[in-house]
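Colleague: Could you walk me through this one before I set anything up? Let's begin with the pockets.

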Amino acid sequence: MAFYLGIDGGGTKTKVAIINEKNETVYIGVAGPSSTDTVLIDTTIKHIREAYAEYVKIHKDVSFDGIFCGLGGLVSIEDMKHVEGLLRYIPGASNHTMITARNDMENALYSGACFESGMTLICGTGMVAYAKNKAGFSAKAGGWGFKEGDEGSSYDLGMQALKHVAKAYDGRKEKDDFSEEIAKEIGLKEASDIVSIMNTYYLERTWIAGLSPIVTKHANLGNIYAKEIIDRGTSNLRDAIHAVYHKVKPENKTLVIVGSLGHSGGYFGDMLYQKIQKIDPMIDLIKPIYDPAVAAAMMAKRLIDDK
């Protein structure tokens, strides 16, 4: 029986799935982070191995016909080829294994069963919009890293909240329940505290992203400043989707929304939906159907079946 390995590697964890020729999932495993912009490449491969080490212990003769690996941080063709070469030496791989390495945004697209054509928006700690058509042409917008801004992401909302509380505490804006809750959360008592807080946490994107639920909470309560932050964020997400939609012109107008912020509902969800519908009212927003690692394994099988 043929087996296929799917890998979904992000900044916090690596998840793998093994399926058989009947598309039945026979194993799911999790290990540490493997995003290439988060950890060194040796750590990436180490965590991929660890994610299915228990399966290998029991099935020492495992052999994969195909491997599809979606990793955060993979951008250039050279880096993809490098990862494909390294995966050739993991347990179950051989010279006969068809190995494909791509950015994890492809896993996100396939999680909505959009294997040939469609769009995805990853909207969590970071963000990226991606589209693909049946001819194989694809495009991405955003997703260039939090230092570029990741506009519309949880990180972006959290950073905007920090900027807001600084203005509220030095008098550029009025203090309100929103700024007071942010101040309490970050330990800010006076305006000058923002210097040490930013120096300590500026590069801690996960910590900053953790402030976004306070923004969405106060937007839902009608706070004008929180709503302004979300208005800007959802407009930036709309721009990213608009860019890939018009570049690629996918035959399938399904948009797979992935990430906790993208499914937060309330004011954020309402604004995002309304703005996407203005791009094209025929765009169909859905949640993932498959786990991204399972979808990656399914893609590994499809690539062989389509040969």
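Modeller: By class, the lining of the largest pocket is made up of 18 polar, 11 charged and 11 nonpolar residues. Ala, Val, Leu, Ile, Met, Phe, Trp, Tyr, Cys and Pro count as nonpolar, Asp, Glu, Lys and Arg as charged, and the others, Gly among them, as polar. This is a predicted model, in which local features need pLDDT of at least 70 and side-chain atom pairs count only at pLDDT 80 or more, while totals for chains, interfaces and linings use all residues. Residues are numbered from 1 along each chain as its sequence is written, and side-chain values use heavy atoms, with hydrogens and water left out.

Colleague: What volume does the largest pocket have?

Modeller: The largest pocket has a volume of about 1400 Å³, where a pocket is an open set of points on a 1 Å grid that take a 1.4 Å probe, with protein on both sides within 12 Å along at least five of seven lines. The 40 residues that line the largest pocket include Gly10, Gly11, Asp104, Ile122 and Arg205, which are the closest to its centre; a lining residue has an atom within 4 Å of a point.

Colleague: And which elements give two or more residues to that lining?

Modeller: Those elements are β1 (3-9), α4 (104-110), β7 (127-132) and α8 (205-209), with helices (H or I, at least four residues) and strands (E, at least two) taken as DSSP runs. The largest share, 3 residues, comes from α4.

Colleague: OK, how much space lies in the second largest pocket?

Modeller: About 220 Å³ lies in the second largest pocket. Of the 17 residues lining the second largest pocket, Tyr110, Phe115, Lys132, Met299 and Leu303 are the closest to its centre. Two or more lining residues come from each of β5 (98-103), α4 and α12 (292-305), and by class the lining has 7 nonpolar, 3 polar and 7 charged residues.

Colleague: Switching to the fold: what order do the strands of the open sheet have?

Modeller: The open sheet of 5 strands has the order β3-β2-β1-β4-β5, with mixed pairing, and two strands pair if DSSP finds at least two bridges between them. β3 (25-31) and β5 are the edge strands, each pairing on one side only. From one strand to the next, the twist averages 10°.

Colleague: Which helices pack on it?

Modeller: Helix α1 (residues 41-51) packs on the sheet and touches β1, β2 (14-20), β3 and β4, with contact meaning heavy atoms within 4.5 Å. The direction of α1 makes about 135° with that of β3, on a scale where angles run from 0 to 180 degrees between N-to-C directions. Helix α3 (residues 77-87) lies across β1, β4 and β5, and runs at about 140° to β5.

Colleague: What about β6, how many of its residues are buried?

Modeller: All 6 of the 6 residues of β6 (residues 118-123) are buried: Gly118, Thr120 and Ile122 point one way, and Met119, Leu121 and Cys123 the other way. β6 pairs with β7 in the antiparallel sense over 6 bridges, with Gly118 opposite Lys132, and the two strands form a hairpin with 3 residues between them. β6 also pairs with β9 (residues 254-258), in the parallel sense over 4 bridges, where Leu121 has Ile257 as its bridge partner.

Colleague: Last one: where is the place of His246?

Modeller: His246 sits in helix α10 (residues 224-248). With a relative accessible area of 37%, His246 is partly exposed, a class that lies between buried and exposed, the latter being over 50%. His246 and Ala131 are 115 residues apart in sequence, while their C-alpha atoms are 9.5 Å apart in space.

Terms used:
Points joined across faces, edges and corners; volume = space filled by probe spheres on them. Buried < 20%, exposed > 50% of the residue type's maximum accessible area, 1.4 Å probe, protein only.
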